[in-house]
Amino acid sequence: MQITDFLTLLLLFAGAGFFLAGTVGLLRFPDVYTRLHALTKADNVGLGLVVAGLVLQAESWPAMGKLLLIWLLVILASASVAHLVARTALRKGIRPWKK
Amino acid sequence: MEVLYSGTALFLLLTLVAGLWRVLHGPTPADRMLAAQLFGTTAVASLLLLAQAFGRPHLRDVALVFALLAAVTAVAFVRRAWTVWEDDDADN
């Protein structure tokens, strides 16, 4: 097993862990704001780690560029969605969770 | 390595199935939409993994379209379906 294969394995496992954490957070967190927090972690870091693992195995430079482009697009989307949803929820009068 | 890619993709699909609980139970429309957003990202990740696993580079284009549509979907949801000035107390 080469060193890049090993790195890919590590990155993919870490990414899958973040996806699992994001799903668990989405299921367990108490209100929409905390769930947003869980969602954006899975979006940014989880997909980022998976993409980083796959970039190491990509067959050409354009393929790597496309993978990174997909990740950037998802980051952009999740950041704007987090802001929009949180602002709308505040305007609708949903109170942030307090212990 | 193919086993690693397909296994990770399968694991991501299983987390997606677990996330369906949030779509069913809400309680606000935004919670359901957030779960759908997570499904979009999970689908992108598993499509990229499957593209690598089976040597089908076209699946990356499908993932790109998924990423684009996920952005448009959520923005359309907030700006059209879940705005403050329309159903202010109806679907809260």
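Tutor: Helix axes are lines fitted to C-alpha atoms over the stretch in contact, and angles run from 0 to 180 degrees between N-to-C directions. The model is predicted: local features need pLDDT of at least 70, side-chain atom pairs count only at pLDDT 80 or more, and totals for chains, interfaces and linings use all residues. Residues are numbered from 1 along each chain as its sequence is written, while chains are lettered from A and ligands numbered from 1 in the order in which they are written.

Student: At what angle do helix 3 of chain A and helix 2 of chain B pack?

Tutor: Two packed helices are described by the angle between their axes and the distance between the axes. Here the angle is about 175°, and the axes of helix 3 of chain A and helix 2 of chain B are 12 Å apart. Angles over 145 degrees count as roughly antiparallel, and these two helices are therefore roughly antiparallel to each other. Helices are DSSP runs (H or I, at least four residues), numbered from the N terminus.

Student: Which residues in helix 3 of chain A meet helix 2 of chain B?

Tutor: Contact requires C-beta atoms, placed from the backbone, within 7 Å. L67(A), I70(A), V74(A), V81(A), V85(A) and A89(A) meet helix 2 of chain B, where the partners include L34(B), V44(B) and L48(B).

Student: What does L48(B) touch?

Tutor: Not counting residues up to four places away in sequence, L48(B) touches V50(A), V51(A), L54(A), L67(A), R60(B) and A63(B).

Student: How many residues does each chain bring to the contact?

Tutor: Chain B brings 39 residues and chain A brings 38 residues. Helix 2 of chain B supplies the largest share of the side of chain B that touches chain A, 13 residues.

Definitions and conventions. Contact = placed C-beta atoms within 7 Å. Parallel < 35°, antiparallel > 145°, perpendicular 65-115°, else oblique.
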